[in-house]
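Dear colleague,

Please find below the structure that I am handing over to you. My notes on the contacts between its chains follow directly after it.

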Amino acid sequence: MRKDLVFGMAGSGGDGIVSAGDSLLQAASAEGYHGVMTKSFGSQIRGGESSCRVRISTDHVLNPGGNLDVAVALNWEDFLKFGAELPVAGTTVVIYEAATGVPENQIPLVGVTPLQVIAVPIAAMAKEHAGTERAKNTVVLGLIAGWFGIGGEAVMKGISKKLAKKSMELVEANQKAFDAGVTFAKEHPLKADMTVVPSASKGKVKLLTDGNDMCAAAAIFAGCQFFGGYPITPSTEIMQFFTNHVWKYGGAVLQAEDEIAGIGSAVGASFAGKKAMTATSGPGLSLKSEMMGLASIAELPLVIVDVQRGGPSTGLPTKTEQSDLFAAAFSAHGDVIRPVLAPTSVADTFRTTVEAFNIAEYYQTPVIILSDQEIASRKETLDPIDTSQFKILNRLQPSGADLQDYKRFKQTESHISPISHPGMQGGTYLASGIEHVESGAPTNSGSVHQRMNDKRIKKLDPLKERKDLFEITGNPDAPLALVAWGSVAGVCREALQMAQAEGLDVKLMVPYLLYPVAEQTYTDFFASVQKGLVVEQSHLAQTFKVLRMHLDLPKGLQSLARSGANPFLPGEIVAALHHLLSELQRSHEGKLQPQE
Amino acid sequence: MSATCEFQAKDYKSDLKPIWCPGCGDYSVVQGIYRALAAIGRPPHEVAFISGIGCSSRIPGYTTAYGFNTVHGRALPIAQGIKLANPDLLVLAAGGDGDGFSIGGGHIAHLIRRNIDITYIVMDNQIYGLTKGQLSPTSQKGRTTCTSPYGSLENPVNPLLYTLAYGAGFVAQASPTDLAGMAAIIEEAIRYPGFAFVNVQSPCVTYGEEAQQIKGLKAISASLKELGHDPADRLAAMDLAQHYGEKMHLGVFYRNPEPPPTYDALIRERQVQLSQGALPKERILDLFIKK
Amino acid sequence: MAARIDFASLTLKDALDLAVLIEDEAKERYEDFAAQMDQHRTPEAAKFFRLMAVNEAKHGQELAERRGQLFGDAPRTVTRAQIFDVEAPDFDEARAFMSPRQAMKAALASEVKAQAFFVAALPALKDAKVRALFEELRDEEVEHQALVKAELAKLPPDSGLSDDDFVDEPAAQ
C-alpha cells in the first residue's frame, strides 16, 4: 500500500494522454486525495509529443514529485523526448504500448533497471473493446484503476459527464475500454502492492485549479476591475479568466493590439482610479518595461504577472524556468524599485496575488508577480480558502483638506501621497513620465529629481520589514540551509522533510518577496548557516547573484542552479545537502583534534 | 454627472507656461481645445487628456483637465484603458506626427476598429522638433533634414487616408490658419460618439519649411464646406484625402451619419447583463469546486 | 483671415459686437505673444506686445461702451467663431528672440491686415450706419499703423545682423 504515487505519462497529442491525466486528477480529487498535475509539450500545436505528470497523495502535495513511481509510454520516441522531465528509477513501474514491438527486457532506458516493466497491447484493447484506437487513454485509466486503485468509479463518472452530452454510445464504448484496462490489470498483478490507501478526507470539499486561474480569481477578489493583455504562452489563461468573469464585477478586459498596449491600457485604467492588471511571459515583459517605468514615476498602482518560461527570446515557450528575476527587478531604465513577489504553488498564488494588489495600491507602485510555467499550468487540489481572512487595501484618497490645494506628489512622512483620479473634483493634476514637482508640473531640476527619487524609493522601505513575506522552516539555528522560491520551493520543502528524516540539521527559507531584497531578514537567517544552497532554475544563478549584490553571504553558501525545463528532484537536493554536510565535517576535523 | 454651470475657455487654461517656441502652431491648438471644451461645457475634472512624447505632447499640462503626459507613442493605448475603466469621462488624446504615426502608428488602427469614444488630435508638423529636426513619417520625399542630409528617400504616410480606410467614424483636418474653424472641428469631434480623429497642420517655426508656415498653408488651404463636400460621403472623403501634402483641406472629411454603438457603451451593457446573479467576489473561488 | 459674416444683412449692433470681438481677439493674441516672449527671455518684445494688448483692450472698451449706450443689454448674436485673425497677428508671427523691431513689424502687418478686412467688407455692406462704422474702424487702423510706425522710427537704425549669428542652437529635449 502506498500513500503517495507519481505518474508520468507521455505520448503524441493524438493519444490524449494529457486528458487522461486530467481525468485521473479529477477522479482522485473526487475520492478525497490531494494531487498535482503538470503538463509538458513539444513545440507542435497539435500532434507533437505531450506528457503529464500526476502526483496523488493522501497528504498535501508539495510539488509534482521526483522520480516516477509509474511511467506510461504510449510510444518510446515521445517518452524519451521528455528526458529528465520524466525520470525513471529502480522504483518505477514502466507500462508501455506493446505495439511498439520493443521487448520488455530491451526498453530504451539507459542505466536503469525499473522495478517492473509491462508491455500492454493498449491500442489493440481499445480497438477491440471500444471500436477505436482513440480510446487508448481510457484503457490506460482502466489499467491505473486496476493496478493502483485510483479513480475506479470516479473516472468513469467524470468521463460519462463529459461525453453524455455527445452520445451514450460514446460513453458505453469508453466504459468497455476502461473495463478492459481494469481486467488486464487484475489478470497481470504487479510484483509489489502499489495500491493507494483510501483517503481520509473523502467527501470533503476540495478545489481543483491551476495557477493562472487562481491568479485571475484572486485578482478579482482583490478588487481588480481592469485587465489589459496580449496572448502569450504560458500566461494567456489569466486573460481568458478575466474575459469570462470580470464583467460580472463591473470590470472590463481588453485583449490589446500588443504587449505594450496591454500594459498601457492597464496603466490608463489605474490612472482612472481602478485596480488594474496585466499578465505576460518573458518576451512580453521585455516589451512592457518602458510602461513599468512610467507607472513607477507616475506612482500608479499596477500588478504585472510574468509567468516565466525558458528564455532568452522565444526560448522554451512551454517549459518552466526562473530566469526572469533580473528582468523583473531591473528591467526599465532609471533608478527605481519595483516590488517582485513570487508564489510557490497554486494555493499560495491566491495570497500572493492579493498581496501584490495590496502592495501596489498602498504604495502606489507597479508590482510584479513572478509566477512560472509550472505553477501557472499545473493543476492542484486544494482545501477551500477562507477569503474573509484576507484584508484588502485600497489607494489613499485625498481628504477634503488635501483637495483645497491639491498636490498629487506631496511629500509626506510615509512618502506616500494621496492620489486622486479623473472625475474627482478638486483633484486635477498632470501625471507624467517626466520628472515633476509636488503639484505634478514638469521640471528639469536635478535637486527635485533627487528628492523625488528619494520619495519613490524610500516609500517602499517598510516592505523589507515584512517577515510574513518569508517562510522559514526547520531548526532556526541549523548550520545547513536551503533557499528557494517559486515552483522550486515546493521541491525544497520536500527535500527538507527528507533530509530531516535522515537526521540532517537543516532549515529552509522561501521568500515570497524577491525584491527589494530584505537584507536584515536574510542576514538573520544566514547567521547560523555554515553551508547552504540557493536552489534555482536559472543558468546564471540570478537569485544567488541578486542576494550577493545586496548582502554579504556566508562563505559556505553555494549556488545550485541550472536552466529550466528539467525539474529539480527532492532526492538530488538531499544528496547535495549530504555533500555539504561532509564538507562541513571535513572543515571541522582539525578543530576536533586535541591540541598539543 | 455634468455640472450645469457654464464654462469659459479660460477655465481650461492652466498656469503652466508652454515650453513651445514662440510662434509654434501648437499655441493655436491649445486655444482651439479651450474653446471646444468650453462650448461642450464638461467641467475640467471630468476630462482626461492623454499625450505621448514630443513638443505637442506637452499639451495636457496646459489645460486644467486631468492630464497624463505618458511615454512616446502610447497616448492611445493608455487613453483606451482610461475610457474603458471609466466611460463617463471625456477622453482626449493628442500628440505629434512622430508620436502618432511612427512609434505609435500601430495603435490607431485598433482604436478605430474598436470604436472607443476618444478624440485624437494630432499636431502634424512633418518634423521631429523636440529632438531638433529629424525626418518624420509625414515629411515629404526628398526633404533634407539632419537625418536626411541628401534628401529623404521615403514617401510620407497619409494619415487622413488611412484613418478613413481603417473605418474611422470621424475624420477631420484643421489648422491655425483658422482658429475658429479648428475650435468648431474639435468640438464636433468630441461630440461625435465614437473614435474621432483630427489632424491639425500645426507648423514648426523652428524646423519647419517655409511652405509649411501659416502663410504657406493659407496658400494651399481649401474649406471642405466651400468645396461642397458632403461629410457623409466616405468615398468622396477618401478622394479628397489623397491630396494630403499638396492641398490642405480644412473641415470634416467624414462623419458617419449613423454612428454605431461604441465599445465603451457595449461594455456597459455587458457588465449590466452579466452582473445579474453573479457569485459575490468573496466567493469567487467556488468556481473551482469539483463535485 | 477667415470671416463667416453675412455683411449684407449686418446690423449696427452686430457690427459693433463684432468690432469688440475683433479687438478682444487681438488683445488676447498680444497677451499670448507677450507671455511667449517672457517665457523665452525676450523682455523688450514682451513689453511691446503688452503695450499693444493694452491698446487693443482700450479700443475694445471704447467700442463696448458705445454699444452699451446704443443697445443696452440686448443679447449678442454674433460669436467668436465668425471671425479669425482680423486684427490679431498670425500665430506664427511670434518668433524666438524677437527684436523690438521685429515685434513692431508684426504688429504693423496686423494693422494693415485689419485695414484690409474693413476695406474688403465695405462694398458688401447695405446699412449706412454699419458702413460709417466700418469706415471709422478702417481709418483707426490707419492711425494705429502711424503709431506703430512712429515707434519704429524711434528705434536705432537696423544693424542688419541676424539673430542666427548669435543665439544658441535650440536645445534637444
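**Contacts between the chains**

In this predicted model, 22 residues of chain C are in contact with 23 residues of chain B; two residues are in contact if their C-beta atoms, placed from the backbone, lie within 7 Å. On the side of chain C that touches chain B, helix H1 (12-39) and strand S2 (83-84) each supply at least two residues. Helices (H or I, at least four residues) and strands (E, at least two) are DSSP runs, numbered from the N terminus. H1(C) gives the largest share of that side, 5 residues. By class, the side comprises 12 nonpolar, 4 polar and 6 charged residues. Here Ala, Val, Leu, Ile, Met, Phe, Trp, Tyr, Cys and Pro count as nonpolar, Asp, Glu, Lys and Arg as charged, and the others, Gly among them, as polar.

Between chains A and B, 55 residues of chain A are in contact with 44 residues of chain B. Among the elements of chain A that each supply at least two residues to this side are helix H1 (17-30), helix H10 (282-297) and strand S15 (430-432). The largest share, 9 residues, comes from H9(A). This side of chain A has 31 nonpolar, 18 polar and 6 charged residues.

S15(A) also pairs with strand S2 (residues 66-69) of chain B, in the parallel sense and over 3 bridges; two strands pair if DSSP finds at least two bridges between them. Within S2(B), Gly67(B) stands opposite Leu430(A).

Residues are numbered from 1 along each chain as its sequence is written, while chains are lettered from A and ligands numbered from 1 in the order in which they are written. As the model is predicted, local features need pLDDT of at least 70 and side-chain atom pairs count only at pLDDT 80 or more, whereas totals for chains, interfaces and linings use all residues.
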